[in-house]
Amino acid sequence: IASTVGLQKKTGIRWSGVIISPDGWVATCAHGGNMPGDLVELELSDGRRAGAKVTGVNPITDIALIKIEDEGPWPFAELSDNSDLKPDTPCWFVGYPAEHESRVPLVRKTSIVHPDGSEGCLLYTDAAYSQSGGDSGGGVFDMSGRLLGLNQGKEPDAPGRHPRIETLRLQWNSLADPAFLK
């Protein structure tokens, strides 16, 4: 839970992210209108705040990468290897919905429905939990706390959609350094 952070732009737009390295890399969703170079503020569950900068965004896979500008070390989630997931595998969905006023993120238990999905880059979770604005970019974690995917969205009574962590791994160079693509 300590690796899940609340993110906010100066405009007041809020969403969630997950710290994935001790030196402050944060994985999140890309559908919030962020662009490389945008400055954001993040808040940890212990109340610490830090400035960060968006380094890369892929709107097609809905993954963005942000780098905390303050010195670490930071609490972080280990990335999982999703290749062995099975249907009904229990997991946790963690995020900061906008109406949730606690510093501690909201944790909801769910399970994997389609580990491979009909689209290769997505992981699907059951429809039993609810999601709100601000949850996007939060993490889906296995029972050991390893990050399986990032929250993309969920409609009422429909499975949750989450870009798989393997997709982040494949895009790392281009998201961490957009000049890599030039």
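Reader: How many Å separate the sulfur of Cys-29 from the closest cysteine sulfur?

Author: This is a predicted model: local features need pLDDT of at least 70, side-chain atom pairs count only at pLDDT 80 or more, and totals for chains, interfaces and linings use all residues. Residues are numbered from 1 along each chain as its sequence is written, and side-chain values use heavy atoms, with hydrogens and water left out. A disulfide is a pair of cysteine sulfur atoms within 2.5 Å. The closest sulfur to that of Cys-29 belongs to Cys-121, which is too far for a bond, at 14 Å.

Reader: How many disulfides does the structure hold?

Author: Cys-29 has its closest cysteine sulfur too far away for a bond. Cys-91 is in no disulfide either, with the nearest cysteine sulfur, that of Cys-121, 17 Å away. The number of disulfides in the structure is 0.

Reader: Is Cys-91 buried or exposed?

Author: Buried means under 20% relative accessible area, exposed means over 50%, and partly exposed is in between (1.4 Å probe, protein chains only). Cys-29 has 2% relative accessibility and counts as buried. Cys-91 has 0%, and therefore it counts as buried.

Reader: How many salt bridges does a search of the whole structure find?

Author: Side chains of opposite charge can pair when their charged atoms come close. A salt bridge is a side-chain nitrogen of Lys or Arg within 4 Å of a carboxyl oxygen of Asp or Glu. Searching the whole structure gives a total of 7.

Reader: Which side chain meets that of Asp-38 in a salt bridge?

Author: Asp-38 is partly exposed, with a relative accessible area of 24%. Its partner is buried, at 15%, and the N to O distance is 4.0 Å. The pair links distant parts of the chain, 29 residues apart: Asp-38 lies in the loop between β3 (25-28) and β4, and the partner in the loop between β1 and β2. That partner is Lys-9.

Reader: Which residue is linked with Glu-41 and Glu-43 in a network of salt bridges?

Author: Glu-41 is partly exposed, with a relative accessible area of 35%. Its side chain meets an arginine side chain at 3.0 Å, N to O, and this arginine is also partly exposed, at 46% relative accessibility. The residue linked with Glu-41 and Glu-43 is Arg-49.

Reader: What is the N to O distance in the salt bridge of Asp-46 and Arg-48?

Author: Asp-46 has a relative accessible area of 43% and is partly exposed. Arg-48 counts as partly exposed too, at 35%. Their side chains meet in a salt bridge with an N to O distance of 2.9 Å.

Reader: How many bridges join strand β9 to strand β12?

Author: Helices (H or I, at least four residues) and strands (E, at least two) are DSSP runs, numbered from the N terminus. Two strands pair if DSSP finds at least two bridges between them. Strand β9 (residues 122-125) runs antiparallel to β12 (residues 160-163), and Leu-122 has Pro-163 in β12 as its bridge partner. The number of bridges joining β9 to β12 is 4.

Reader: Which residue in β9 stands opposite Ile-112?

Author: Strand β8 (residues 106-114) and β9 run antiparallel and are joined by 2 bridges. In β9, Leu-122 and Tyr-124 point one way and the other two residues point the other way, and all are buried. Opposite Ile-112 stands Thr-125.

Reader: How far apart are the C-alpha atoms of Thr-167 and Ile-63?

Author: Thr-167 is found in helix α1 (residues 165-176) and counts as buried, at 9% relative accessibility. Along the chain, Thr-167 and Ile-63 are 104 residues apart. Their C-alpha atoms are separated by 8.4 Å.

Reader: By class, how many charged residues does the lining of the largest pocket have?

Author: On a 1 Å grid over the protein atoms alone, a pocket is an open set of points where a 1.4 Å probe fits, with protein on both sides within 12 Å along at least five of seven lines, and lining residues have an atom within 4 Å of a point. The largest pocket holds about 210 Å³ of space, and among the 14 residues that line it, the closest to its centre are Gly-6, Gln-8, Arg-14, Glu-43 and Tyr-96. Ala, Val, Leu, Ile, Met, Phe, Trp, Tyr, Cys and Pro count as nonpolar, Asp, Glu, Lys and Arg as charged, and the others, Gly among them, as polar. By class, the lining has 4 nonpolar and 4 polar residues, and the charged residues number 6.

Methods. Points joined across faces, edges and corners; volume = space filled by probe spheres on them.
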